[in-house]
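My notes follow in the order I made them.

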Amino acid sequence: MESHNDPILKISNLSVKFPSELVLDNVSFQLQKGTTLAIVGPNGAGKSTLFRVLLNLVPYTGKVEWVGKVKIGYVPQRLSVSDIPISVREFLRFKGTSGVEDSLNVVGLDSKDILNKTLGVLSGGQLQRALIAWAIIDKPNVLLFDEPTTGVDLDSEEAIYKMLSELKEENEITILLISHDLHIVRDYSDYMLALNKCMTFFGKSKEIMNPDVQKIVYGEAVCIASVQ
Amino acid sequence: MGFSAGYLGSLMVLEKMALVGDALSHVALPGLALGILLNLPDPLIGGFAFLLASAIIIWHLGRVTRLGFETLVGAMFTLALAVGILITPEPDLLEALFGDITKVSLVHTVIAIIISVVAIFLTRTIYNKLVLGMISEELATSTGVNVAKTNLLYLLLVSLIVAIGIKIVGTLLVGFLVVVPAAAARNLSSNLFRYSVLSSIFGALSSSAGILLAGYLNLPSVPAGPLVVLSGITIFLVTIVVKWRLKLTPF
């Protein structure tokens, strides 16, 4: 019988090497089912590359094992929608015609109002919610979010993460999200993986508030001269 | 043919590949010239072979050379045009550049219709995949779309349409058919369905109006090609005015 403690993802000695550089080096961890993993690290640390590995988009060495039946929903960081005349309805229907209105309701978008709008005119928060609706439309049990609140104002950001937490609780979804925000990591994730091409930390997210852990993840603090 | 060119062109404009549409049409010229010089049953066979080869080269360049892609395509098609003009026999040059609808036979017409229908059908099956790839290549790939193969198939279909359009409007102007109707449709569209339908209709209207006008004027020195382009540009200008007057959401 499956339980909350069963792992859904097991990664061993994962390395990714592009022709001129090593992007990920010897990463190993396990993720429990129904938990949220925040992935942090500086730019170029390999966070998005890890997602590409999980989506089987790039070659790698090592072992990546999904346990049981897994359906992945993915929200990428960069999208190009401003020049494409595509409505929210048409975008969501790329994945099929059933479940469109349900998924919009789950993410808190009024389907009557939003379906006929063009993706390019949506606000940052609306677009992110539409993308989450896209990701959940075919009822995945794993969600990958690459910086899901980039370009979104603070109020919308909190609302989106609150919505993701509720989604996770109600549907026992496992979430992996890339974020630069410490308070997001602390408040909305269970575990944290810190990358800097290699794995520098893996543990419970609340440990990010520990100064020793912060030193490991972000390096030593550099003192400045006192402000006059 | 105008309908299918408009439909396929709707994707070309979204992909910001308008230059590629023009490039493909110019590249056909040296192929046509070789077809004439080699006494092929139809010079269009040579043109088509060059179009196919160019589509594959352009596809490959787009994958390996992000920087300078437009420069490379621009250089390629101007070179092709120059070479084509140099080697095309003079009596055939005008027809190759501007087309001659009076020389379109029944066989050509039937082949053009069949190719147009097949191209529309095949494009319809990959339309959503292409658009998804434009929105995000990663998103498309994560849903199982082979972005590279889909783009190649699309370019080959565009080559087919350009090839059948050369007979009517010539190599110099056939690129118009895959660009301007779509640009006009974009002025009036807030969703993909309307955009693709309007693009197809405007393509058909431009072609029909230009050909009918050529027949009506019946001037031997005025081929249909430029009149097709003028009709299409007129439609484009009208859509700009309509968009401005209705204050439509711009794209």
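**Entry 1: chain B overall**

I note at the start that this is a predicted model. I began with the secondary structure of chain B. I found 12 helices and zero strands. Reading along the sequence, I wrote the pattern down as α-α-α-α-α-α-α-α-α-α-α-α.

Next I checked the size. I looked up the radius of gyration of chain B and got 18 Å. A compact globule of 251 residues would have a value near 18 Å, so chain B agrees with that expectation. I then took the span of the C-alpha trace along its principal axes, which is about 50 × 45 × 30 Å.

I also asked how much of chain B is buried. Buried residues account for 49% of its 251 residues. Then I turned to contacts between residues at least 6 apart in the sequence of chain B. Of these, 72% link residues at least 24 apart.

**Entry 2: α3 and α8 of chain B**

How are α3(B) and α8(B) oriented to each other, roughly parallel or roughly antiparallel? I took helix α3 of chain B as residues 43-64 and helix α8 of chain B as residues 147-169. Their axes lie 9 Å apart, and the packing angle is about 150°. An angle over 145 degrees counts as roughly antiparallel, so that is how α3(B) runs against α8(B). I recorded the crossing of the two as right-handed.

I listed who makes the contact. From α3(B) the residues include L44(B), F48(B), L51(B), L52(B), I58(B) and W59(B). From α8(B) they include L152(B), L155(B), L156(B), V162(B) and I166(B). Sorted by class, the contact of α3(B) with α8(B) holds 14 nonpolar, three polar and two charged residues. R63(B) of α3(B) and K167(B) of α8(B) are also among the residues that make the contact.

**Entry 3: α5 and α6 of chain A**

I moved to chain A for another pair. Helix α5 of chain A covers residues 124-136, and helix α6 of chain A covers residues 154-171. They pack at about 15°, with axes 10 Å apart. Angles under 35 degrees count as roughly parallel, so α5(A) is roughly parallel to α6(A). The crossing of α5(A) and α6(A) is right-handed.

I wrote out both sides of the contact. α5(A) supplies G124(A), G125(A), Q128(A), R129(A) and I136(A). α6(A) supplies S156(A), I160(A) and L167(A). By class I have three nonpolar, four polar and one charged residues for the contact of α5(A) with α6(A).

**Entry 4: where chain B touches chain A**

How many residues of chain B are in contact with chain A? I got 20, and they meet 17 residues of chain A. Which elements of chain B give two or more residues to that side? They are α6 (106-135), α7 (137-142) and α11 (192-217) of chain B. α6(B) gives the most, with five residues. By class, the side of chain B that touches chain A has 10 nonpolar, eight polar and two charged residues.

**Entry 5: two phenylalanines of chain B**

Is F236(B) buried or exposed? I placed F236(B) in helix α12 of chain B, residues 224-246. F236(B) has 20 C-beta neighbours inside 10 Å, so it counts as buried. Leaving aside neighbours within four places in sequence, I found F236(B) in contact with V180(B), A183(B) and A184(B).

F121(B) sits in helix α6 of chain B. With 11 C-beta neighbours inside 10 Å, F121(B) counts as exposed. Its C-alpha atom is 14 Å from that of G9(B), 112 residues away along the chain.

**Entry 6: positive phi in chain A**

Most residues other than glycine have a negative phi. The phi of E147(A) is positive, about 45°, although E147(A) is not a glycine. E147(A) lies in the loop between β6 (142-146) and α6 of chain A. I counted 20 C-beta neighbours inside 10 Å, so E147(A) is buried.

E172(A) also has a positive phi, near 50°, and is a residue other than glycine. I found E172(A) in the loop between α6 and β7 (174-178) of chain A. With 13 C-beta neighbours inside 10 Å, E172(A) counts as partly exposed.

Methods:
Residues numbered from 1 in each chain as written. Chains lettered and ligands numbered in written order. Predicted model: local features only at pLDDT ≥ 70, side-chain atom pairs only at ≥ 80, totals over all residues. Helix = DSSP H or I, 4+ residues; strand = E, 2+ residues; numbered from the N terminus. Rg over C-alpha atoms; globule rule 2.2 N^0.38 Å. Buried ≥ 20, exposed ≤ 12 C-beta atoms within 10 Å, placed from the backbone. Contact = placed C-beta atoms within 7 Å. Axes fitted to C-alpha atoms, helices over the stretch in contact; angles between N-to-C directions. Parallel < 35°, antiparallel > 145°, perpendicular 65-115°, else oblique. Left-handed = near helix turned anticlockwise from the far one by under 90°. Nonpolar A, V, L, I, M, F, W, Y, C, P; charged D, E, K, R; others polar.
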